[in-house]
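Here are a few exercises to work through with the structure open beside you. Try each task before reading its solution.

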Amino acid sequence: MAGRSIRILLNGEPCEIRDVPPATTVLDWLRTEKRLTGTKEGCAEGDCGACTVVLGIPDGGGLRHEAVNSCLMAVPQLAGRALVTVEGLAANGRLHPVQRAMVEADASQCGFCTPGIAMALYAFLEGGEEPEDETIHDALAGNLCRCTGYRPIVDAARRAERAPAAASAAPVPEAGPDYEAGAQTFFAPRTLDALIALRVERPDAPILAGGTDLGLLFSKERRAFDAIVSVARVEELCRLEVGDDEIEIGAAVTYTRALPVLDAEYPGMGELIRRIGSRQIRNLGTIGGNIGNASPIGDTLPCLIALDATLMLRGPDGARLMPVEDFFLDYRRTDLHPDEVIEAVRIPRLAPDEVFRTYKVSKRYDQDISAVIGAYRLTVADGLVSDARIAYGGMAATPKRARRAERVLTGAVWSEAAVAAARRAIADDFEPIDDFRAGARYRAAVAANLLDRLYLETTGGADAPTGVFAL
Amino acid sequence: MTGSALKGGVHRGWRHDSAEKHVTGRAVYIDDMPPVPGTQEIWLATSPHPYARILSIDCAAARALPGVSAVVTAADIPGVNDIAPIFSGEPILADGVAEYAGHPVAAVAASDRDTARRAAALVAVDYEELDPVLSIEEALERESYVAKPQVMKRGDATAAIAAAPHRISGEAGCGGQDHFYLEGQVALAVPQEDSDMLVYSSTQHPTEVQHGVAHTLGVPANAVTVEVRRMGGAFGGKESQATIVAAIAAVLARASGRPAKLRLARDDDMIVTGKRHDFLFRYEAGFDDTGRIAGLDILFAARAGNVADLSTSVMGRALCHADNCYDIPNAHFRGYCCKTNTVSNTAFRGFGGPQGMVVIELAIEHIARTLGIGVEAVRRANYYGEAPRNVTPYGQVVDDNIVEQVVDRLSERAEYEARRREVAAFNETSPVVRKGIAMVPIKFGISFNVKSLNQAGALVHVYTDGSVHLNHGGTEMGQGLYVKVAQVVSEAFQIDLDRIKVSAASTGKVPNTSATAASSGSDLNGMAALDAANRIKERMTGVAADHFGVEPAEIRFADNRVYAGNRSLAFEEVAKMSWAERVSLSATGFYRTPDIHWDPVTMQGRPFFYYAYGACIAEVAIDALTGENRVLRADILEDCGTSLNPAIDLGQIEGGFVQGMGWVTMEELWWDGEGRLRTHGPSTYKIPGSRDVPPVFNVHILEDSPNPHPTIFRSKAVGEPPLMLALSVWLAIRDAVSSLAGHRRFVRLDPPATPERVLAAVEEVRAP
């Protein structure tokens, strides 16, 4: 029996949510029902950050603070969380240090992006990182400002001191059971068995992990669903294990959680994940969602294919394993059965003779969708390539291996000549499309040129930089 | 008794008046206003076709949806369906023909936004598709224009080019740009008694909204009051475009008899409303061995879109800035505003100036590459100087030229020559990542090209407690106009800034205003407010002189007090005394820019009161394998005259530069083959983020450079000019590409220099 209310902390005060349809976004709920209008709608697609709020997540006796886009988040996702909005930052009429620093740095002009930026910086300071260029830009990557040119905002981030928000003393109420309102139900099972049972019962109900893609249907398409199945609280899906031979990532593990593990193991993958969306997106979005979503430009997918990762799918009849590359059948179509879920992905760890690189090319460095993404795993011994797995995104209807290029390289001496041959082969591997992210000709050229970058980086012969962002 | 030191006045970096409200979320934008019960929300039904005859519109199903209070089409507009700012025939709802994909054909009001949206989808339109014109090239071929071509001539360019020792010719273009103000277009219309309408509009131009609403409702201007407290960004996008949104809201408020709000969702905002004009250029120049230009012929073709809107003015400013800082003894500039079946383009910070400068800066580089000499040498050979090298192609004498001084100071400060050598040395050993460095000087004309727009009004009240109410025709869009004008009044009365309250711009308080545009906000409104304050001050001076028994000339306002020698009264005491003496403490002020004139037919005159100067040196890196690029450093020196508020001006310079950097690098508007804009949200249209700002970013305001012309406290306008400083980024990227062929080849690389375009240029420059 589904519950009819959600209890949360809103700016430090207990708050009970009732009669709010589950597909309502947190942003709409804040602005219309709670009349907390400091949180703004700039795009309703999770790309501008004007709607940024901060979640306090119970973690080891305290609260971990994470910035999220309230426009992409369904209200029931707030269960078990403390929600802080810009109205909750100042205490007793005194500006929070972040706000004070922003005022002193002249960090607002029109002011519309400002509350979201204050919240992003509040979460940044709560995270306890050193305020350096790299961390500050990372923290601000999800927030657009069209007036200031950011310099004063970055200055404010450097000078602000960490301090708690106005009121965060009360305990966060535990997340309740499923929630229903307005003939719509938000299912939030806790176990894999319960999740599978729901899949069997409601195969048409959308699966929601972080909601950073599905949330667009709520936010922009204004779609309502009779039932939504959240996998975020299924314990088995939240596992993240680094084994001797492989890394297993549960389907509900967020990018934020997976980031340090993948960063430590696979060169370039940390940077790649840091370029997926923004912190706001990565705090909700999951690698399982990236796989299930099956976009040809899903950023992690070429990596998973090149690394020969295995998917664990689970249905009423148990688990089945499948190479990630076989999962993608056609444009956004997968081999997932209607009663199945993605349970986890298992990624082999790198052997000492394996070289891995991944490169993403987009118009903007941060928070942009790839034009082309390449991922490469080469096994090189004594200068000879014994195995090559190369996968690209943005080059076909699905993320796909460059099999002809792989064949050319396998068994070849890792040399400029081999790269030249692979370049020629790769032209036959793909027939990319023209669209607003890039033209077909460009995609093809970059796919080939990235092999040159790979060669330069892996042979160590070049002292010169191989990318403008390394400068 | 002496007063406390003044906490106000001009030439100091006072903070934005709303800064604390911004950071706490308490600053109220239109969509944040407490809803009046019964307020209707509006959604638009738009054309999916770029060009189609509307055979019929059936609104029955939409009207039948529960919650819907009104559905209107062109046929339901009570007044005149036309809000054209310059010409006529520019409807708010398509009338008989839809002229771009996204053209509003109907609007629905309902109890909530989702219902209005569902109803809008039920509006059934029967279209007959017509043959659209989708590109500038096509429009030129078919001579499809929104207005007569504009021609500017000085000397005989054709003869000069023919006689010159060297000639170049070429074709280039530049992209458009979406404003991407964070607050989308929004207006709330609230019916009043009689047939009056109160309109809250996110507009830079309250008076034009007033006129547009009055026309569409068929009521006199005095029946419409337009108010705007603040905008969440505008950048030119809320000049004429805001009128469309407000007029539709007013028509639906009238039709439903209830308050009605139209807030465009981001996709609709980007698809339905206009942007910066993209341009196509064809140029030909003749020059001598030193690069000195003898003659220059340029064809400018702008994508005006479906209607004229402000396009002819944008084109006028483009032609007036195709000289940038250079003397062109023989010029022939032709401007074509192309009618295309795409959204009507509009004002955007720079207003044609950036596009005009693209082509001259390109020509300078083309000349340098052709002669095999340095770009700076070509610039030096052509800078404006003493007579006769000081007359623009439009006949204005450049009488305040400081460009070489700005360039010299900046070059020295930024160590331009040394760094140019460092860049070259870096490139020697770096085959993949290439650096480039370039400078651009800027001369930007200040004043509206249309003489009548160069006027402003203000209203000042002094209350008996010494507090001041200030109102003027300028609007606050984040640029800090309110604090600047308040500083002017603070300076006049010598009272603290916090004693002055600036109230929302309202057509009921200050009438017949101009748009807050053309960088003119503080020039015009500051002067009008000063006029009003001085009128009151003169009266208070009389009262104080009588009180102290001295001549008015001996009365002095300082430090929140009014002095006669050593004796003094607090400002508020004199205010109260004035009231007791029945002396008015309220005044209107007015200002019109002197000495300007313009003949739009011959395109000659003195359109600008003065020029603002600046220069920027940018250093970039490109990746020759992917075309990815990044700005590594920018050094800016900007002429603000004697700045009214250096903190605010710094924000305008930095923000303008970064916005311009977006225009010349990553911001790409992409239409598909059916004329549909496919980059209509931040997920597809990329504006700069914090990491894109140059890691070394040295921005300075030119010191000791009061405006020689009598502007408000000798300051200069700063809103638009810095945007064009970002052309240095584009030129630096070109320089980096050019380095791959030893700077000997000239290749096409139009802004925006996206990775894709940079890689194409790299391939071209390396081609055998």
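**Exercise 1. Contacts along chain A**

Among contacts in chain A between residues at least 6 apart in sequence, what percentage join residues at least 24 apart?

*Solution.* Keep in mind that this is a predicted model. Start with the contacts in chain A whose partners are at least 6 residues apart in sequence; of these, 68% link residues separated by at least 24 places. Next, look at what the chain is built from: chain A holds 16 helices and 20 strands.

**Exercise 2. The dimensions of chain A**

Work out whether the radius of gyration of chain A agrees or disagrees with that of a compact globule.

*Solution.* Begin with the length, 471 residues, for which a compact globule would have a radius of gyration near 23 Å. Chain A has 23 Å, so the two agree. Then take the box around its C-alpha atoms, which is roughly 70 × 55 × 40 Å along the principal axes. Finally, count burial: 59% of the residues in chain A are buried.

**Exercise 3. Inside the core**

Which residues touch the most other members of the largest nonpolar core?

*Solution.* The largest nonpolar core has 379 residues, and the answer is Val108(B) and Ala249(B). Now select Val108(B) and set aside its neighbours within four places in sequence; its contacts then include Ile42(B), Trp43(B), Val68(B) and Ala116(B). Another core lies apart from the largest one and has 45 residues, among them Val462(B) and Leu524(B). As background, nonpolar side chains in soluble globular proteins tend to be buried together.

**Exercise 4. Where the chains meet**

How many residues does each chain give to the contact, and which element of chain B gives the largest share?

*Solution.* Chain B gives 70 residues and chain A gives 68. On the chain B side, elements that give two or more residues include α1 (19–24), β27 (610–623) and α17 (646–664). The largest share, 7 residues, comes from α17(B). By type, the chain B side has 29 nonpolar, 23 polar and 18 charged residues.

Note on methods. Residues are numbered from 1 along each chain as its sequence is written. Chains are lettered from A and ligands numbered from 1 in the order in which they are written. This is a predicted model: local features need pLDDT of at least 70, side-chain atom pairs count only at pLDDT 80 or more; totals for chains, interfaces and linings use all residues. Helices (H or I, at least four residues) and strands (E, at least two) are DSSP runs, numbered from the N terminus. The radius of gyration is taken over C-alpha atoms; the globule rule is 2.2 Å times the number of residues to the power 0.38. A residue is buried if 20 or more other C-beta atoms lie within 10 Å of its own, exposed if 12 or fewer, and partly exposed in between; C-beta atoms are placed from the backbone. Two residues are in contact if their C-beta atoms, placed from the backbone, lie within 7 Å. A nonpolar core is a set of buried Ala, Val, Leu, Ile, Met, Phe, Trp, Tyr and Cys residues joined through C-beta atoms within 7 Å. Ala, Val, Leu, Ile, Met, Phe, Trp, Tyr, Cys and Pro count as nonpolar, Asp, Glu, Lys and Arg as charged, and the others, Gly among them, as polar.
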